[in-house]
Amino acid sequence: MKYLLWIVCGLLMAAPPDDLEQGFRNPPPAAKPDTYWLWLNGFVHPESARADLQAMKDAGFGGVLIFDMGAAGDKSWQPPAGPAFLSPPWMAQFKSSVEQARSLGLSVDLSVISSWDLGGHWIEPRHASKGLYTAETTVQGGQAVDTVLPFPLPPPAAPKGAGGKPAFWTDVAVLAVRDARRRPGHEFIIRFDPGEVLPLKEVVLDNGTPNAAPDLAATMTPTREFSVAFSSTGTRDTDFHEAVRGVLPATAGPQRFAVPAGTKGRYVRLRLLSGHGNTQPRWTLGEFTVIDAKGESVAASRQADNRRNGAVMVSAPTPLGYDGAWNLDNLHDGAAVGPGGLFASAGLPAFELDSAASMVDLTSRVDREGHLRWMAPAGRWTILRYVCMNTGERLKVPSPNSDGWATDHLDPEATRAHMDYVIARLRDTFGDLRTSGIKNLYLASYEVRGMVWSPGFTKEFQRRRGYGMTPYLPAIFGARIGGELRTERFLFDYRK
């Protein structure tokens with residue numbers, strides 16, 4: 001659409017009415033579309049590259065957008081691995097192609113990364129992608145508290161520093177809640193595909209087979225009690241009407257539960273109410289399916305059938321993982337075996353808190369080592385520690401020799417570090433970029449996953465939203481603070 005707009009606007013502004021037909025027959029350079037030119041696996045065959053450029057010129061294109069990325073599919077059809085993105089041999093081929101394009105009258109744009117997001121081997125952990133993580137412990141009040149707080153479980157792929165912690169981390173906040181109570185369970189709300197009110201027949205749940213590593217398996221328990229409710233109108237608590245309440249065996253296998261005759265819905269709410277184990281904090285479930293009156297699965301994700309849009313997870317508890325293992329998609333992807341087939345919660349159900357004012361901010365009483373010293377008032381206190389740390393996320397589909405950490409896209413310093421590196425490599429090769437033949441630098445996509453965070457997030461939130469977010473941090477992990485409506489208002493601001 002943007003190219004169509006450029007063509008129309010360019011012709012209307014550049015040509016008088018009598019020349020309008022001629023402008024369509026022979027569009028000026030500014031009106032011609034550009035095209036992606038993929039350098040798959042970073043490999044370029046010089047003679048083929050010259051032929052490609054000539055063919056694009058002959059086809060009427062005005063320029064090319066060079067895009068280094070990895071190849072997918074059958075290995076026998078893939079080109080060999082080329083040089084690393086922005087390395088001297090890569091830059092030599094790039095300069096040659098830019099000069100050939102200029103001689104043909106083609107403009108050149110360059111993607112500033114191999115594949116997408118932003119980053120590369122030059123990105124240090126302090127500039128790499130980060131997330132927000134939490135850990136909790138309980139202490140008895142009415143006495144001096146002198147304890148080292150637990151550190152959140154680091155993502156397995158994060159670059160490691162001292163003591164097994166990520167190479168970059170920093171405390172965001174430490175909050176205390178007296179006599180904290182939890183929500184009824186882990187709650188998922190899913191909008192059906194298709195997104196309309198449907199007559200419903202049954203639900204199917206399967207605890208699946210986790211196949212978790214022994215140390216992780218010791219913290220997990222399969223789901224026992226559950227509840228399923230449906231809504232035809234919205235996603236508030238009052239919109240849902242419970243249709244099924246049941247118990248699952250701890251073992252794998254689909255368990256079918258009929259819904260009452262005449263049940264309809266556009267949304268389904270699944271609540272995991274308990275686990276088979278009483279001490280394990282992470283609850284697992286292999287698969288959740290809703291069958292409509294036609295016998296079709298309507299709550300399945302796009303991963304279950306990529307020919308469809310897939311049902312949408314409107315809200316969900318914090319998962320243990322955000323990539324393939326233990327993530328939210330695993331709940332309704334059609335698979336129920338292994339870390340790539342099961343959902344696992346990050347911990348116990350989230351809290352139900354009376355108000356933001358009910359929390360005590362202990363951030364200033366905790367040192368860099370997580371050591372808390374506090375004269376706690378009487379009561380049983382839950383201490384919530386929030387830590388920003390590396391996620392370990394890497395580029396999505398880089399060419400074989402071009403992988404690296406994805407950047408913290410919310411950190412201006414990280415973006416500058418990346419762009420300074422790219423521009424320095426270009427200047428080393430071309431000198432004055434104004435006469436290089438390179439028209440634009442661009443970034444194709446932003447697809448960082450997980451609980452995206454940055455050390456400056458709370459300060460920026462205060463500036464943009466006009467109030468502090470620290471007492472509302474539990475809501476990011478599923479807590480209700482001051483009721484459903486107030487929590488939704490905060491989450492609306494947070495997501496913006």
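Start with which parts of the chain touch each other. In this predicted model, take the contacts in the protein chain with a separation of 6 or more: 79% of them are accounted for by residues 24 or more positions apart.

Now step back and look at the whole thing. The protein chain has nine helices and 28 strands. Its C-alpha trace spans about 80 × 60 × 50 Å along the principal axes. How much of the chain is buried? Of its 496 residues, 47% count as buried.

Next, let's zoom in on one pair of helices. Two packed helices are described by the angle between their axes and by how far apart those axes are. Find helix 3, which covers residues 46–58, and helix 4, which covers residues 88–103. They pack at an angle of about 30 degrees, and their axes are 10 Å apart. Angles under 35 degrees count as roughly parallel, and that's why helix 3 and helix 4 are described as roughly parallel to each other. Their crossing is right-handed.

Which residues make the contact? Helix 3 brings Pro-46, Ala-49, Arg-50 and Leu-53, while helix 4 brings Gln-93, Ser-97, Gln-100 and Ala-101. Sort the residues of this contact by class and you get four nonpolar, three polar and one charged.

Notes
Residues are numbered from 1 along each chain as its sequence is written. This is a predicted model: local features need pLDDT of at least 70, side-chain atom pairs count only at pLDDT 80 or more; totals for chains, interfaces and linings use all residues. Side-chain values use heavy atoms; hydrogens and water are left out. Axes are lines fitted to C-alpha atoms, for helices over the stretch in contact, and angles run from 0 to 180 degrees between N-to-C directions. Helices (H or I, at least four residues) and strands (E, at least two) are DSSP runs, numbered from the N terminus. Angles under 35 degrees count as roughly parallel, over 145 as roughly antiparallel, 65 to 115 as roughly perpendicular and the rest as oblique. A crossing is left-handed if the near helix is turned anticlockwise from the far one by less than a right angle, and right-handed if clockwise. Contact means heavy atoms within 4.5 Å. Ala, Val, Leu, Ile, Met, Phe, Trp, Tyr, Cys and Pro count as nonpolar, Asp, Glu, Lys and Arg as charged, and the others, Gly among them, as polar. Buried means under 20% relative accessible area, exposed over 50%, partly exposed in between (1.4 Å probe, protein chains only).
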